[in-house]
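This briefing sets out computed features of one protein chain for use alongside the coordinates.

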Amino acid sequence: MKDDTGAFRVLPPVFQDFGGKAAFAGPVATVKCFEDNSVVKAAVETPGNGRVLVVDGGGSLRRALVGGNVAATAAKNGWAGMVVHGAVRDIAELRETPIGIRALALMPLPTEKRGEGRADVPVLVSGVWVRPGDWLYADADGIVIGAAEL
């Protein structure tokens, strides 16, 4: 894959592992929001069917977009994992939840609820485009994105 021309992408090594599963993979669903996790919460309340939710939080570390309750709902509804370009909270609960969670950092403050955000749109995460329907693979070495299942 090292010579691929864009169908295979690698996210920069800025994401930390916070979930109960170190490795996860699946087709991508996306949300774009900023310091408001309303659309994240709505997404994980739907059947995950083994998908990975990629959350473009604009890289903000001022509010946590995912906490213990959101992660538990995602696991219960069959999501394989979440990659959050932003912060998460409730580390003890996240570690106990059987779902993969990668994020930039921990932040104890929850988000404001303004009902803002968009789902199922292409998102730019740390300079890498991620689109609904891509495939995401995360393990101890990092996170890669494929345009199709590898």
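At 27% relative accessibility, D90 counts as partly exposed, a class that lies between buried (under 20% relative accessible area) and exposed (over 50%), with a 1.4 Å probe and protein chains only. The structure is a predicted model, in which local features need pLDDT of at least 70 and side-chain atom pairs count only at pLDDT 80 or more, whereas totals for chains, interfaces and linings use all residues. Residues are numbered from 1 along each chain as its sequence is written, and side-chain values use heavy atoms, with hydrogens and water left out.

**Overall architecture**

- The chain contains three helices and 12 strands; these are DSSP runs numbered from the N terminus, with helices being H or I of at least four residues and strands being E of at least two.
- The radius of gyration is 14 Å, close to the 15 Å given by the globule rule for 150 residues, so the chain is as compact as a globular protein of that length. The radius is taken over C-alpha atoms, and the rule is 2.2 Å times the number of residues to the power 0.38.
- Along its principal axes, the C-alpha trace spans about 40 × 30 × 25 Å.
- Of the 150 residues, 45% count as buried.
- Contact means heavy atoms within 4.5 Å. Among contacts between residues at least 6 apart in sequence, 73% join residues at least 24 apart.

**Surface and charge**

- The chain exposes about 7,100 Å², of which carbon and sulfur atoms supply 54%. Accessible areas come from the Shrake-Rupley method with a 1.4 Å probe, and for residues only the protein chains shown count as cover.
- The mean positions of the 16 positive and 17 negative charges are 3 Å apart. Lys and Arg count as positive and Asp and Glu as negative, while His and the chain ends are not counted. Each charge is placed at NZ of Lys, CZ of Arg, CG of Asp or CD of Glu.

- Helix α2 covers residues 68–76, and G68, V70, A71 and A74 within it are buried. These residues cover an arc of only 165° around the axis, which puts them on the same side of α2; the arc is that of the directions from the helix axis to the C-beta atoms.
- The exposed residues N69 and K76 are carried on the face of α2 turned away from its buried side.
- Packing partners of the buried α2 residues are α1 (38–44), β5 (64–66), β6 (81–88), α3 (91–96) and β7 (100–106).
- Just after α2, G78 adopts a positive phi of about 85°.

- E35, located in the loop between β3 (24–32) and α1, has a positive phi near 55° although the residue is not a glycine. Its relative accessible area of 12% makes E35 buried.
- D90 occupies the loop between β6 and α3. D90 is not a glycine, yet its phi is positive at about 65°.

**Residues in helix and strand**

- V39 belongs to helix α1 and is buried, with a relative accessible area of 14%. Neighbours within four places in sequence aside, V39 is in contact with V31, K32, C33, E116, G117, R118 and A119.
- A138 is placed in strand β11 (residues 135–139) and is buried at a relative accessible area of 5%. Not counting residues up to four places away in sequence, A138 touches A22, A23, F24, R102 and I143. A138 and D56 are 82 residues apart in sequence and 17 Å apart from C-alpha to C-alpha.

**Residues in loops**

- T111 sits in the loop between β7 and β8 (118–119) and is buried, with a relative accessible area of 9%. Residues up to four places away in sequence excluded, T111 touches E35, D36, N37, R63, A64 and L65. T111 and V88 are 23 residues apart in sequence and 10 Å apart in space, C-alpha to C-alpha.
- P12 lies in the loop between β1 (8–10) and β2 (16–17) and is partly exposed at 26% relative accessible area. On the same exclusion of residues up to four places away, P12 touches S126 and V128. The C-alpha atoms of P12 and A103, which are 91 residues apart along the chain, are separated by 12 Å.
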